[in-house]
Amino acid sequence: MSDIIKLLPDHVANQIAAGEVIQRPASVVKELLENSIDAGSTEISLIIRDGGKTFIQVIDNGKGMSLTDARMCWERHATSKISAAEDIYTIKTMGFRGEALASIASVSQVELKTKKVEDKLGTLILIEATEVKKQEGISFQQGTSITVKNLFFNIPARRNFLKSNPVESRHIIDEFTRIALANPHIAMNMFNNEDEVFVLKSGNYHQRICDLFGVKTDEHILSVDEQTTIINVHGFVGKPEFSKKSRGEQFFFVNKRFIKDAYLNHAVVNSYENLITKEQFPFYVLYIDIDPAQIDVNIHPTKTEIKFEDERSIYQIIRAVTKKSLGQYHHVPNFEPASEDMFLNLSTTSKQSEEKISTAKPQIFRENNTFNKPATKNDWQQLFDVMKPKETVGTMSSFERKNEEKTSFAEPQQTKNIFQLHHTFIVSQIKNGIILVDQQKAHERILYEKYLEALDRKTISSQQKLFPKTVTLNSSDEILLKDILPEIRLLGFDINELGKNTFVVNGVPAELNHHDEQGLVEYILENYKQQTAQSDKKEKIARTLAKRASVKTGTKLSDEEMSVLIDELFSCKIPDYSPDGKSCIVKFSVEDLFGMFEKK
Ligand code: ADP
Ligand code: MG
């Protein structure tokens, strides 16, 4: 036999497809919730156990499935949502590929219960790794319940690849939050190991946001609403002072589909120019409605990117509308027209905002004006002042100055062979030359090693707060904080759970003693999240705290502080590199210096 090509058996083809569609429990949750939404449900419940690894159940009151459909839906490419290729250009549903259920069934044990309103009897089906194990008629309410047990039970390699329960739960909460934000009219609940995570009543967008992020959110958000010829945008942006140290709460939805788009994110962040610092992340939930023909939805189902036909115009509109909401809140007109064309697209109906635009122009002109002035001597003087130490140790009398001039050539390095450059680098003489040390990176290294050691040996003391502070977090951050609590307690954090989403901070490590506990906790969680490459929890925590507590570039150090820093750096295990692998020290040997001056 010389023919070698054969068709893969269905269960193998499904498993391969599952590798793409189903990466983790959160992918199952996303697919099931989207199916419930497509089925026209008004109430959906999600129940998970063990980060969704052993148990995920979605129950809805949607249109249900007939007996035949209940069998059919597990087949590959079985869908009720499109029937011809061109249908995807007018697609209104979340799904259309007919791949999700087939993929899920190939890598887990599934139970389906479903009934259509007009049917007397419902259907129960049990499937294990694509094989139907049981099918029977049952009495059931209208709607569908799908339970997915022991995900990847038949693919140990994939099961082992899953993260800890708290991490997987966080992914699920993130997925649930996105879908809940996109569908506020649907009542949605979520339970994790019997604990209630969310109970969301049906409502409008504003109510949904407050239910998800806390009632107080209401005071911190501004509404956005604009109809243009290409897109409609509505939603909310956070007031600048509500910006967080963590990136978590930023959402774009395009035709109810959550998307990630760095370009559009830039448009929003850009509209906060001068209102927030670079370390802050503005809150936003923006819904974009666009003709489906103007976007490409035929992207991979797990991908959250989307392709717009006219990306640039959309950027300008997003930037302008967020700026407008912020400008109205700030009273000072803050509206900067992006381009003339854009206003052709913006069929703004409100007269008031047009007035704002025209009064805004002179204001901007005035602000920019300072940059056009030719530099005067005074400006240069200011520039040098900035580079000088802020704290001067009193002014020298002319007598002292004369004396100083006289002695300045007489070996100044004899008594002091260490000094600071631009409040950033430390220069020190060593036996065979000089070293330049980056003060911030060096301090990060020192603290990093100290924290790592403390994580093994409980040595850091915490600075008790006179008045304990409470910190409120969203559900996904709450799970993350609980996950790292044992470790950060070893480093001197005295934090306890107070109730749902709330923690009380009684103490923090001395180096981090800070008045803004909320910001500190957010900073730690955000930094921790961003370190995905390194898997070791202790290292991630030590690195995060070292970054936060280190002396920063631009800080003036006393001679003593500098020499302690250098001593401590050289007693580190790896003094040459900061915890994230950047150089802390640059050395110049006397030979190097000779070479530079072409001396022999
Ligand atoms: P797709 O959503 O891309 O059509 P799926 O594999 O997710 O593919 O689902 C296959 C089909 O099963 C759907 O087209 C739909 O007809 C049916 N279905 C799945 N979930 C539900 C549900 N919760 N309620 C009613 N029908 C459902
Ligand atoms: Mg689907």
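I worked from a predicted model, where local features need pLDDT of at least 70, side-chain atom pairs count only at pLDDT 80 or more, and totals for chains, interfaces and linings use all residues. Residues are numbered from 1 along each chain as its sequence is written, chains are lettered from A and ligands numbered from 1 in the order in which they are written, and side-chain values use heavy atoms, with hydrogens and water left out.

**Cysteines.** I looked for disulfides (pairs of cysteine sulfur atoms within 2.5 Å). The search of the whole structure returned zero. I then checked C584. Its closest cysteine sulfur is in C572, 8.2 Å away, which is too far for a bond. Next I looked up burial. Here buried means under 20% relative accessible area, exposed over 50%, and partly exposed in between, with a 1.4 Å probe and protein chains only. C584 is buried at 2%. C210 is buried too, with 9% relative accessibility.

Helices (H or I, at least four residues) and strands (E, at least two) are DSSP runs, numbered from the N terminus. The phi of N150 is positive, near 50 degrees, and the residue is not a glycine. N150 is partly exposed, at 30% relative accessible area.

I turned to E194 next. This residue lies in the loop between strand 7 (187-192) and strand 8 (195-200). E194 is not a glycine either, yet its phi is positive, at about 75 degrees. Is E194 buried or exposed? I noted it as exposed, at 62% relative accessibility.
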